[in-house]
Amino acid sequence: MSEFLGHVYNYDVFESRQGESEYFRSLTHAGDAARDFTLPGLSGDVKLSSLRGAPVVIEFGSIT
Amino acid sequence: MDQLARDFAGQAAFIFIYIREAHPDDFPDYAAHKSFEQKWKHAVDLRERHKTPRTIVVDDLDGAVHRLYGGRLDTCWIVNDAGRVSYKTEWTSEPHVRKALEDTLRASELMRQGGFKDFYQESMTAIEGGRPPSKQESARS
């Protein structure tokens, strides 16, 4: 089972995770090049770097 | 956030990245993902439920892109037209994202006009009582 920062990534029960906030803050900052990715989408694949020329608003989330 | 996408249609792209379930224990129909197919189905359900105008993409089962962007549950990032991060927050608040997007567009326009060679801005949202404001609190602000 995959882990993230010492915890199960796809956990069954929500719990507050020590260290996640600090990790988030330590990553890429304003002014840095965005980390590129390609993901499958419900309407086709999306590659972040192919969207250059307009701002991209990216939200991470789920139905729960 | 869906209204924000409607308001800025044609000016910005909006991507929703489907990640692990945040509260699988509270939603019996949306348990923790055991397969990519299950995760994909949840994303389809999200689109059907909210009729979102945003582009929905699905991260892999182990959250590769989610980890790349910090692994928090409800984060938002804005990447400017040059591919650089102009905003990041670990707790998505529509009014704050709206303001950041307006700032990003304004900065890009100023640079196009030659007013600025570079534009840099940092901001920090207040943490209330040791935690970020809830979605309900943010909606009232």
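Predicted model: local features only at pLDDT ≥ 70, side-chain atom pairs only at ≥ 80, totals over all residues.
Residues are numbered from 1 along each chain as its sequence is written, while chains are lettered from A and ligands numbered from 1 in the order in which they are written.

Let's start with chain A. Chain A has one helix and five strands, and from the N terminus on they follow the order β-β-α-β-β-β. Here helices (H or I, at least four residues) and strands (E, at least two) are DSSP runs, numbered from the N terminus. The radius of gyration of chain A is 15 Å, well over the 11 Å that the globule rule gives for 64 residues, so chain A is more spread out than a compact globule. That radius is taken over C-alpha atoms, and the rule is 2.2 Å times the number of residues to the power 0.38. Along its principal axes, the C-alpha trace of chain A spans about 40 × 30 × 20 Å. Of the 64 residues of chain A, 16% count as buried. A residue is buried if 20 or more other C-beta atoms lie within 10 Å of its own, exposed if 12 or fewer, and partly exposed in between, with C-beta atoms placed from the backbone.

Now look at where the chains meet. In all, 45 residues of chain A are in contact with 63 residues of chain B; contact means that the C-beta atoms of two residues, placed from the backbone, lie within 7 Å.

Leaving aside neighbours within four places in sequence, A:Phe37 is in contact with A:Leu48, B:Val65 and B:Leu68. Because A:Phe37 has 19 C-beta neighbours inside 10 Å, it counts as partly exposed.

Strands of a sheet pair through backbone hydrogen bonds, either parallel or antiparallel. This open sheet has five strands in the order β2(B)-β1(B)-β5(A)-β3(B)-β4(B), with mixed pairing. Its edge strands are β2 and β4 of chain B, each pairing on one side only. Two strands pair if DSSP finds at least two bridges between them.

Strand β5 (residues 56-61) of chain A pairs with β3(B) in the antiparallel sense over four bridges. Within β3(B), A:Val56 has B:Val79 as its bridge partner, and A:Ile58 has B:Trp77. Next, β3(B) and β4(B) run antiparallel and are joined by four bridges. In their hairpin, which has five residues between the strands, B:Gly83 takes a positive phi near 85 degrees.

Finally, which helix lies across β5 of chain A together with β3 and β4 of chain B? This is α4(B), running at about 175 degrees to β4(B). Axes are lines fitted to C-alpha atoms, for helices over the stretch in contact, and angles run from 0 to 180 degrees between N-to-C directions. Five of the five residues of β4(B) are buried, so this strand is largely enclosed by the rest of the structure.
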